[in-house]
Structure formats: C-alpha cells, structure tokens
Amino acid sequence: MALRTGFPKGFLWGGATAASQVEGGWNEGGKGLDTADCRPAASHLTTEQRREPAFKEMTSEKIAAAIQCPDAGEYPFRRGSDGYHRWEEDLDLYAEMGLKVYRMSVSWARIFPNGDDVEPNQEGIDYYRRVLEGCRARGMKVFLTMLHYSIPINLVEKYGGWKNRELIDLYLRYARVLFENYGDLVDYWLPFNEMNAGRFLPFNGTALIRDREEHFDQSVYQGLHHQFLASALAVKLGHRLIPGSQIGCMIARFCHYVGSCRPEDQLQMLRDEQYTNWFYTDVMVRGIYPEYMERYFDLKNIEVKMQPGDQQILQKGTADFISFSYYFTQISTVDTAWEKTDGNLVTGSKNPYLTASEWGWQYDPMGLRITLNQLWDRYRKPLFVAENGLGATDVLEPDGTVHDAYRIAYLRHHVEAMREAIIDGVNLLGYTWWGVIDLVSNATMQMSKRYGFIYVDADDGGNGTFDRFKKDSFYWYQKCIATNGEDLGE
Ligand code: BGP
C-alpha cells in the first residue's frame, strides 16, 4: 500500500451557503413565511446576553410579532445577502474562483409555502432548476442540502414542529419533489443540515417553542427521532428514484479534548462525545439507537415514542457518506469553574493552548485532522467537510479591496490539516468552505460576522448596496484549487 502524498485527483474544493442566510426575497416567487424569517435581529446584544437561553430560544410572543410584521424590518434573514436576485452574478464569481462543487440548500417554503400544501409551487421549482442548471453550465458539481434549518412557519403553528410525527410525511412529499425535479442536476444529497442542532438550537433544528412545551427535552428527542426517520426514508426514496445517488448525513462535529488525566474528566469526555456527536452518526450511519442513550434518557426522564418498524426504517436508510461542520474544539471536564468560551451552537470550556476568533470560537486546525481520523476509524464511510470557516470583521477599502490575511491563515492551516488526515489514510471527498460569500450569521443574525471570500456591501441593519467585492482570500483559494492544494503560499 503506497503512502498517499496529498489531495487526490478530483478532490472537491468548494463553498457552502444556506438558502435562509443568503437568499433574502422572503416573500417573492410564491415563498411562504418560514422559521428563519421570524428570527429577529440581535446585533445590539452583548456576548453574555447572547449566551442566555432567552436569546437562543424562540417564544410565542416573538413568533406572533414576526407574523404581524409586513416587511423585512428587524428580520435579517428576510434580506439575506440578496442572493435570490443575484444568483447568476454569484455563480459567476464561484466559477471564477474555480469551485468544483457548490453546497447550497433549497428553501422548503419556496417549494411548499405552507409545508402541507397538496401541490408544490411551480415558481419555486423553476427557480432552483435555473440555479442548478447554472451550476452545471459553469462546470460545478452540486451538494444539495434539502433542509438547512428553516421550515414553513405553518408547520410550527399548526403541527407544533418536528415533535409531530406528521412532519415526516410532509417532509417526504417535499423530498420527492426535489428528487423528481433535480435528479439530473445534483451530485450529493443531504437530507438534513447538522442533525444534532435539534438538541443545541431547538428552534432551528426541531422547530420547538420553549413556552409551548411541557417537557422540553422530551419534545427535542421525539423531534429528533422523527428527523432520523425522515432522513432514513429520504435515503431510501432517493435511492429508489435515482439509482446510484449519493445521499449523506451531517452533524455539527464537536471535538473534545480531556481537561486533565483525572478519570472523572476522561469519563466526561466519553459522555460528551457520545451525547453530542456519536449518538447522531450512530443512528444515521449504523442505523441503530446506541445503548448508551438508554441511560441518558432514563436520567432525563425521556421516553422516545417509537412505532413498530421504526428500527427497520433506520437500518434500511443509512447514509452513503458522512459530512460535518467543523469550527472549533473544546475541553471536557467535570470542573464547573473552568473558564468558558463560545463555539458553534454551544458555549464550552476554554483551551489555554488555543487562540480564538473575535466571537470566541477556538481556532484549532489539528482538531480537524483528529476529527477526520476519528470518524474514518469508527465508520469507514467517505467523509465530506461540509462546513469550516472563520467569522471575522472585515474592512472594505475605498478601492474595493478587502485584506483578510487572517482568513487566509485560517484556511491554509485547515487545508494543511486535511492533507495530513488524507496522508493518515482518511477517505475525504471534499471541502466546502462555510459562507463562500458573506451572509447572515445563523447564531447571531449578524452580517458583520463575515465568512466569505466575497464581501457583500451590507450592514447588520440591511443598509448598503449589497454589491459584491473579491477579498484577498478569493485569490488565495483560487490558487489553492488550481494547484489541487499544492500551492499554499502567499
Ligand atoms: C453552522 C450552520 C451554518 C452557519 C455556521 C456558522 O452551524 O450550519 O448555517 O451559520 O454554523 O455559524 P454562525 O453563522 O452562527 O457564525
């Protein structure tokens, strides 16, 4: 067996966005109001305030106010980055960068405005067909997220979100439309973005409203069970409708390091890995509910209601590949006084050996190599880094340039880490940088937390031209792709 030397031929270099964060056009083309459209701006809040459950969770009061609001107002996702209108210009820029694959998502509410409509909205179907054909015409493959958080608000108001089993059938009706209409244009399918988000950001993930639930955790895990079933059934349906299709799964991967050599800390790390990561991939890749969750459910007084046949559904709909988002690492410890820092979806314990982004996310390329090795060792399924990126404050210079050396450094180090993992023996299909273009932040609803290689001239309040500008990182990634990851110099 020859030692690998670097990125394989055909490695899928790419970029990612999500419909709710990039599109805007919230009430155009027959689209219905969705959950993202109802999340109010929060850029005025402090970091401490953003850690509060009251900020992270949705309330009936907030929903009612959002439904009443007739314009984009204080709702940043209603504007996004105006990608709905500028998709051709954006695809041209991605092609100029040399992207081999574009990870994008479809908005459920553009296809079924209320989620339970009998007939789909043809205007929405046609819109995405044009975008997908645009990717093909520019030589880019497509990695399609079928559901990246936002669902029609009617499914929350009328059905109570994912805790209601009826959502499985409604989701499959939607999935069928995607498979039937875009089977010739999509290369990789992803039924759900970050399955574990249902646990960490329940409004986004499982569409739950805190004040409407008696036993919140029970509803979260019931909702997750329905999503697992919907995902497995989508895999089965997709394979039947499109023979040979590649349909994966995804989690937000939380990589943990043990805080000390105390056995208690080591056990804590095992539990953290099981409860935040392995549970989700074990169900979607192995097709089983792992035994360690029984103890957890018992502890939390949770009883996931299953119907006869559910286990078989999970077993028959396992994922073809595993994708994940990777942003940071955190410490596992039983020491409650350990200093904290923020990370994607969670607040975790701080690692003194690492530096962090302006938003507190700890910068750790080696954690990506470790994560890739762990996932490959456990499942031996092809892997895909569906998200990785740096949210930072950028400055648009008067001459239209943006000098983001910090983003280039972050990217270079993570590309090096992936190369090392490939040499370690990991089977890695591709890498889609999160926020290939500036878009509204998922957790903080800010435009000013910028991820893109392409700058969008808009501020948190939606003021600006929304014109696009290439950052220095645009050119760096272009060269990285052109040399298949060989040239990682300035
Ligand atoms: C992931 C989400 C993305 C994206 C990213 C960055 O969890 O899948 O939608 O937003 O995190 O997070 P944020 O936008 O909060 O900085």
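**Note on the ligand site and the sheet**

1. The ligand is surrounded by 15 residues, a residue being counted when one of its heavy atoms lies within 4 Å of the molecule. The closest are Gln21, Glu194, Asn442, Lys449 and Tyr451. This is a predicted model: local features need pLDDT of at least 70, side-chain atom pairs count only at pLDDT 80 or more, and totals for chains, interfaces and linings use all residues. Residues are numbered from 1 along each chain as its sequence is written, and side-chain values use heavy atoms, with hydrogens and water left out.

2. The shell around the ligand divides into six nonpolar, six polar and three charged residues. Here Ala, Val, Leu, Ile, Met, Phe, Trp, Tyr, Cys and Pro count as nonpolar, Asp, Glu, Lys and Arg as charged, and the others, Gly among them, as polar.

3. For Tyr451 the distance is 2.5 Å. For Lys449 it is 2.6 Å. For Asn193 it is 3.0 Å. The ligand on its own has 370 Å² of accessible area, and the protein covers 100% of it (Shrake-Rupley method, 1.4 Å probe).

4. Nine strands form an open sheet with parallel pairing, in the order E5-E4-E3-E2-E1-E13-E12-E8-E6. Strands are DSSP runs of E, at least two residues, and helices are runs of H or I, at least four; two strands pair if DSSP finds at least two bridges between them. Strands E5 (246–247) and E6 (249–252) are the edges, each pairing on one side only.

5. Strands E12 (383–387) and E13 (428–434) run parallel and are joined by three bridges. Leu383 stands opposite Leu428 in E13.

6. Two helices deserve a look. Helix H7 (122–137) packs on the sheet and touches E2 (101–105) and E3 (141–145), contact meaning heavy atoms within 4.5 Å. The direction of H7 makes about 170° with that of E2; angles run from 0 to 180 degrees between N-to-C directions, with axes fitted to C-alpha atoms. Helix H16 (365–379) also packs on the sheet, touching E8 (322–325), E12 and E13. The direction of H16 makes about 155° with that of E8.

Terms used. A polar contact is a pair of N or O atoms within 3.5 Å; within protein, one must be able to donate a hydrogen and the other to accept it, and residues adjacent in sequence count only if both atoms are side-chain atoms.
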